[in-house]
Amino acid sequence: MIGLAPGLVHPDLPWRRPEVAALCRDILAALDLSGGDYDLRLVGDAEMARLNAVHLRLPGPTNVLSFPAGDPNRPDYFGEMAVSLDTVAREAFLYGQEPREHLTRLLAHGFLHLAGLDHGPVMEALTEQAVAAVAATGAATDPR
């Protein structure tokens with residue numbers, strides 16, 4: 001399921017459910033994780049700051065939070081993820097990246113956490129591999 005915070009619109013980012021779903025499908029395929037289920041919430045900075053405080057006891061918003069399921073009764077369910085589109089847009093500008101590319105990178109990073117990977121060279125390489133694969137195929141275009 002993909003949940004969108006009310007009133008959350010970022011014209012440079014995919015934010016409509018069909019567009020985000022297509023992007024996630026492409027990322028999961030690039031990571032060889034197709035077939036799994038997940039819950040994704042696209043939120044603003046205020047909600048992300050709340051989630052960060054509640055779950056990690058850290059102040060302020062972050063870009064992505066991942067909560068792996070690890071449920072043996074549901075092996076095809078990866079878990080839950082939240083992404084702040086406000087932070088994604090701000091970081092893309094600060095890092096000089098295309099907003100869609102940065103969102104792709106953060107979603108790939110989050111999916112890899114859901115799959116059980118921790119930060120490090122393997123995660124970084126797989127994340128960049130997914131970004132390149134999505135960009136090379138012209139994937140995640142607006143389905144409208």
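Predicted model: local features only at pLDDT ≥ 70, side-chain atom pairs only at ≥ 80, totals over all residues.
The crossing of H1 with H4 is right-handed. On the H1 side, the residues that meet H4 are Glu19, Leu23, Cys24, Ile27 and Leu28. Their counterparts in H4 are Arg100, Leu103, Thr104, Leu107, Ala108 and Phe111. Sorted by class, this contact has 8 nonpolar residues, 1 polar residue and 2 charged residues.

Pro14 lies in the loop that runs from strand S1 (2-4) to H1. Is Pro14 buried or exposed? Its relative accessibility is 0%, so Pro14 counts as buried. Apart from neighbours within four places in sequence, Pro14 is in contact with Glu19, Val20, Leu23, Leu85, Arg100 and Leu103. Glu19 and Leu23 also belong to the H1 side of the packing with H4, and Arg100 and Leu103 to the H4 side. Between Pro14 and Glu98 there are 84 residues of separation in sequence, while their C-alpha atoms are 12 Å apart in space.

Next comes the packing of helix H3, residues 85-95, against H4. Here the axes are 9 Å apart and the angle is about 120 degrees, which makes H3 oblique to H4. H3, too, passes H4 in a right-handed crossing. From H3, the contact takes in Leu85, Val88, Glu91, Ala92 and Tyr95, and from H4, Pro99, His102, Leu103 and Leu106. By class there are 7 nonpolar residues, 1 polar and 1 charged in this contact.

The last stop is Asn63, in the loop between helix H2 (45-56) and strand S3 (64-68). Residues under 20% relative accessible area count as buried, and Asn63, at 17%, is therefore buried. Which side chain does the side chain of Asn63 make a polar contact with? The partner is the side chain of Glu91, at 3.1 Å. Leaving out neighbours within four places in sequence, the residues in contact with Asn63 are Met48, Ala82, Val83, Ser84, Thr87, Glu91 and Leu106.

Note on methods:
Residues numbered from 1 in each chain as written. Heavy atoms only, no water. Left-handed = near helix turned anticlockwise from the far one by under 90°. Helix = DSSP H or I, 4+ residues; strand = E, 2+ residues; numbered from the N terminus. Contact = heavy atoms within 4.5 Å. Nonpolar A, V, L, I, M, F, W, Y, C, P; charged D, E, K, R; others polar. Buried < 20%, exposed > 50% of the residue type's maximum accessible area, 1.4 Å probe, protein only. Polar contact = N/O pair within 3.5 Å; in protein donor to acceptor, adjacent residues only side chain to side chain. Axes fitted to C-alpha atoms, helices over the stretch in contact; angles between N-to-C directions. Parallel < 35°, antiparallel > 145°, perpendicular 65-115°, else oblique.
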